[in-house]
Amino acid sequence: MKNVSKKNISALFALLLAGTILTSAKSNTIANLPESDTLADDHYTEYVDEYIEEYFEEIEEEVFESQEYVKVYNERDELVVDGLRSELEEEQLQVLRQADLLTELSGTKYYQLNN
């Protein structure tokens, strides 16, 4: 009986030692990962912020530089209004407001009157 007890105690001690070693190794690995992940996340976030800022600056320039060109057709597909929206006269603007947007191609918006 004494042999069996010593084997059980030795096996239990070996299991506890192995569990302690595995737990400490796992905690060290986990402890190191968040630091490197945090640094990588910070670097990536900074990169994305810079990229987005540059993108929106380019878009703002394009929006303010580009002018909206419009064409309005009546029910018989005849061109009624044609020109830059900012340069249209009051009558042409009223016609434009009554028209429905069909599509936009290459910076030109096409409208159709449906009376």
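**Entry 1: charged surface**

I looked up the negative surface patch first: Asp41, Asp42, Glu46, Asp49, Glu50, Glu53, Glu54, Glu57 and Glu58 form it. The model is predicted, so I noted its limits: local features need pLDDT of at least 70, side-chain atom pairs count only at pLDDT 80 or more, and totals for chains, interfaces and linings use all residues. Residues are numbered from 1 along each chain as its sequence is written, and side-chain values use heavy atoms, with hydrogens and water left out.

I wrote down how a patch is made: its residues have over 30% relative accessible area and no salt bridge, with like charges joined within 9 Å and nonpolar side chains (Val, Leu, Ile, Met, Phe, Trp, Tyr) within 5 Å. Asp and Glu count as negative and Lys and Arg as positive, while His and the chain ends are not counted. The place of a charge is taken as NZ of Lys, CZ of Arg, CG of Asp or CD of Glu.

Asp42 is partly exposed, at a relative accessible area of 46%. The classes I use are buried (under 20% relative accessible area), exposed (over 50%) and partly exposed (in between), with a 1.4 Å probe and protein chains only.

**Entry 2: nonpolar surface**

I then found a nonpolar surface patch of about 710 Å², made by Tyr44, Tyr47, Tyr51, Ile52, Tyr55 and Phe56. Such areas come from the Shrake-Rupley method with a 1.4 Å probe; for residues, only the protein chains shown count as cover. Tyr51 sits in helix α1, which covers residues 2-65. I list Tyr51 as exposed because its relative accessible area is 51%.

**Entry 3: layout of the chain**

I counted 2 helices and 4 strands in the protein chain. Read from the N terminus, the order is α-β-β-α-β-β. Helices (H or I, at least four residues) and strands (E, at least two) are DSSP runs, numbered from the N terminus. Of the 115 residues in the protein chain, 14% count as buried.

**Entry 4: salt bridges**

How many salt bridges does the structure hold? I found 3. The criterion is a side-chain nitrogen of Lys or Arg within 4 Å of a carboxyl oxygen of Asp or Glu.

Arg85 pairs with Glu68, their closest N and O atoms lying 3.0 Å apart. This pair links distant parts of the chain, 17 residues apart: Arg85 is in the loop between β2 (79-84) and α2 (90-98), and Glu68 is in the loop between α1 and β1 (69-73). Arg85 is partly exposed at 34% relative accessibility, and Glu68 is partly exposed at 27%.

Glu68 also meets Lys109 in a salt bridge, at 3.6 Å from N to O. Lys109 lies in strand β4 (residues 108-112) and Glu68 in the loop between α1 and β1, so this pair ties together parts 41 residues apart in sequence. Through shared partners, Glu68, Arg85 and Lys109 are joined into one network.

I also noted a salt bridge between Glu90 and Arg97, at 3.8 Å from N to O. Arg97 counts as exposed, at 57% relative accessibility.

Is Gln112 buried or exposed? I list Gln112 as buried because its relative accessibility is 13%. Gln112 lies in strand β4. The side chain of Gln112 reaches the backbone oxygen of Asn74 at 2.6 Å.

**Entry 5: positive phi**

Most residues other than glycine have a negative phi. I looked up two residues with a positive value.

Asp77 has a phi near 60 degrees. Asp77 is in the loop between β1 and β2 and is exposed, with a relative accessible area of 55%.

Ser106 has a phi near 50 degrees. I located Ser106 in the loop between β3 (100-105) and β4. At 82% relative accessibility, Ser106 is exposed.

Note on methods:
Polar contact = N/O pair within 3.5 Å; in protein donor to acceptor, adjacent residues only side chain to side chain.
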